[in-house]
Amino acid sequence: MTTSAVTSADIARETPRSDFGRILAQRERRFAAALLAPAFLALLATTTFPLLFLVYTSAFRMDLAMPFTNGFVGFENYQVLLSDERFWTSLLVSLVYTGSTVALQVIIGLALALLVMDMKRGQGWFRVIAILPVVLSPAVVGMIWRTFMLAPEFGIVDFLAINAGLGSKNWLGDPTLAMVSVIAIHTWQWTPFAFMVLLASLASLPEDIYEAARLDRASAWQRFRRITLPLLRPAIVMVIIMRTMVALTAFAAIFTVTGGGPGTATEILNLYAYRKSFTELSIGYGAALAVALLIVTIIISGILFALRRAK
Amino acid sequence: MTSFKPTRRTLIKTGTAAAALATFGPTLLRQAAAQDADLAPYKSAKIDWQQVSGETITVAVIPASYFENLITLAPQFKALTGIDVRFEKIPPAQIRQKSVIDLTSKTGTYATHAADPMYYALYAANKWVEPLDTYLKDKSLTDEAWFKLDDIIPAWRSANGIDGKLYGMPYDGEVTIQVYRKDLYDAKGLKPADTLEAYMSNAAALNTPNDRVWGAALRGVAGAGQNMYIYPSIFREFGGDWMKGGKLTVNGPEAEAALAWYVDIMKKYAPTAAANWNWPDIADAFSQGTVASYIDAHSSASVINNPEKSKVIGKVAYARWPKGPSGKRTTSIWNWGFPINSALPEKKRKATWLFIQWAASAETQARTAHRFGGPTKRSGVNRTSVWKDPDYIKLMNGFGENFVEATMGALQDDTDVDWRPRVPQWPAIGDTMATAIQSALSGQATIKAALDDAQRRIEPMMRG
């Protein structure tokens, strides 16, 4: 007992305090690293490695239908891609799809949030009902819309269109209408997300600013433009970023509703990459398409993040 | 709390035991039922069924009644051979991809799987599956006199062969025929069409959308087994040749005429929604009485005769696929066959072959069809002899007038094994063509432009 007491006192006297702290901190760091390592390795194995492997694969010709032609080709897949008309079409479809769904989600979501904010009663109910589409699987949503809603002569939407005097429309068989339909489906499913985020932000806005604005006789429109929108800006930009990243890589709903058709009218880049890889069994080229999609996604979200910072 | 614990444990125990009994009880009963007398028809084959006893193999099938019936009989196979079979059910949309991935990686997960006949060219080019003749000719593995390969429907066999070599054993198959509403046809004094022209005029005569009856319906949704299940037959009937001068050709005057016929009938006389329909949708619409006639797989007969859903039972009749301008009938033929995965060790390959031989044998075919205890009817048995069995004929004719004659006629005389281009690149070609057909149907491109574009896209696939 005495020995140890002397020893620790000696250490305390002879070792500078900062050194002691440094050793402790080092130990703590090691411990933290040990705790983190499994999770980090799992993350590397499940995200980083497949991603690197994807890039690696894109440098090969890997055609299951013609195995004798397989081999390293460097950037050839990307050269082919640049002159592939269907790649550009699908990229354009992706951008149109993403741009319009995100814009619609933000506008409708914000409108709904403003409406609900003014509701005196039943707000809670409205939130519960509104969130329902989000929890459905996109594949299920696709099936529901394809069979119950959009089928000409048999579906609910077509029934409404006929009654509204528009006549029966081939919702999924006409190139333009099919695009409109898949945009509507995605918007229908994901607007509640934008709505919930914006509603939460709206609720946190300070009431006294509005009070002051009212005293200054600012109109409702002025209050919305000068106060609500600027204060909501961070939330809106976040919604745009999150929804854009998801819309760019959308898959399940379009796959079940139109399969990219009619023809290639709703074939987003993701779907084209999937078809090349798994239907046409051209794995190398499919990987190049997936990498292209990755690059597009990174660029667009980079721009959006930059916009968020710029004030 | 403590006094509740034993009670709960007992409850769980009892529950588990009951659940186990409920799950395995029927299997145990069936296993007990698989007595020597039951196995006698198999034991008459002069081979040692027990030669690789103790092996376990995994078989991928699709969730369909004709495979369910086979799964039910698996305990008999176990009793006969001592081989354990584990079945994995994968929906048809995914089974091709899953099996291709398994074959590419050479892991041998699936000893055999329900295979698409159009994939054998790909399988054979990669040597992923075994040529079956080695197994058929091996006297220790096959008793040819007992198995009777020649009894298996020749059209399906040739569809599963490449350059005369058999790679997959047909288990269940189909052929396309005309399905029509006899009552509607009789009311207008119409006969089932003998030519594509007559089929069009029949459809015109019966097309009354205001009464919610459309003249015809063909598969419209894009996909290699969807609109590309029907169009290739029309293309061949218009005199089209996939391998014109040794070069894969999908455009040209015959193709344009064929696609024009297809687009014409779909636009004028089919429900608009049919542009996105596959066979179950068509069969559903027909069973609801909204479609007067369709051309599709004979196996959809079970859907339109489902007493719980169909409103047209007793009003259905069948005929062979109409002739085209070339004077030929070319039906679409199809079967689910079983190949042997080359990545397996020898003993497992033998076990797999014994399983395939058992499943494709006349005895098992009969036991899963008219002699099956359950309610489901199999309309795709693989053997000519079963199709001549009075009991089976009786069962099949329950589907409607002329069913067996139309099906057998189509299977024996109207097939053309090259009704689709059988090349390893088929998955890509089929998908490209399917997209082209749909873009012509939807008006996204003209018929000529759609086909020329498909040709442009297909050429580099063939060059390699």
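Mentor: Start with helix α5(A), which gives the most to the nonpolar patch, with 4 residues. This is a predicted model, where local features need pLDDT of at least 70, side-chain atom pairs count only at pLDDT 80 or more, and totals for chains, interfaces and linings use all residues. Residues are numbered from 1 along each chain as its sequence is written, chains are lettered from A and ligands numbered from 1 in written order, and side-chain values use heavy atoms, without hydrogens and water.

Now the patch itself. Trp125(A), Ile129(A), Leu132(A), Val135(A), Leu136(A), Val140(A), Ile144(A), Phe148(A) and Trp188(A) make a nonpolar surface of about 950 Å². Patch residues have over 30% relative accessible area and no salt bridge; like charges are joined within 9 Å, and nonpolar side chains (Val, Leu, Ile, Met, Phe, Trp, Tyr) within 5 Å. Areas come from the Shrake-Rupley method with a 1.4 Å probe, and for residues only the protein chains shown count as cover. A salt bridge is a side-chain nitrogen of Lys or Arg within 4 Å of a carboxyl oxygen of Asp or Glu. Two helices of chain A, α5 (123-135) and α6 (138-149), each supply at least two patch residues. Helices are DSSP runs (H or I, at least four residues), as are strands (E, at least two), numbered from the N terminus.

Pick out Ile144(A). Its place is in α6 of chain A. Ile144(A) counts as partly exposed because its relative accessibility is 32%. Buried is under 20%, exposed over 50%, and partly exposed in between (1.4 Å probe, protein chains only).

Compare Ser301(A), in helix α13 of chain A. Ser301(A) counts as buried because its relative accessibility is 9%. Met242(A) is 59 residues from Ser301(A) in sequence, and their C-alpha atoms are 8.8 Å apart in space.

Next, the spaces. On a 1 Å grid over the protein atoms alone, a cavity is a set of points where a 1.4 Å probe fits but cannot get out; a pocket is an open set with protein on both sides within 12 Å along at least five of seven lines; lining residues have an atom within 4 Å of a point. The structure holds 1 cavity of 30 Å³ or more. The largest cavity has about 50 Å³ of space. Its lining includes Pro117(B), Trp419(B) and Arg422(B). Grid points are joined across faces, edges and corners, and a volume is the space filled by probe spheres set on them. The second largest pocket holds about 1100 Å³. Of its 41 lining residues, Asp84(A), Tyr272(A), Lys276(A), Arg457(B) and Pro460(B) are the closest to its centre.
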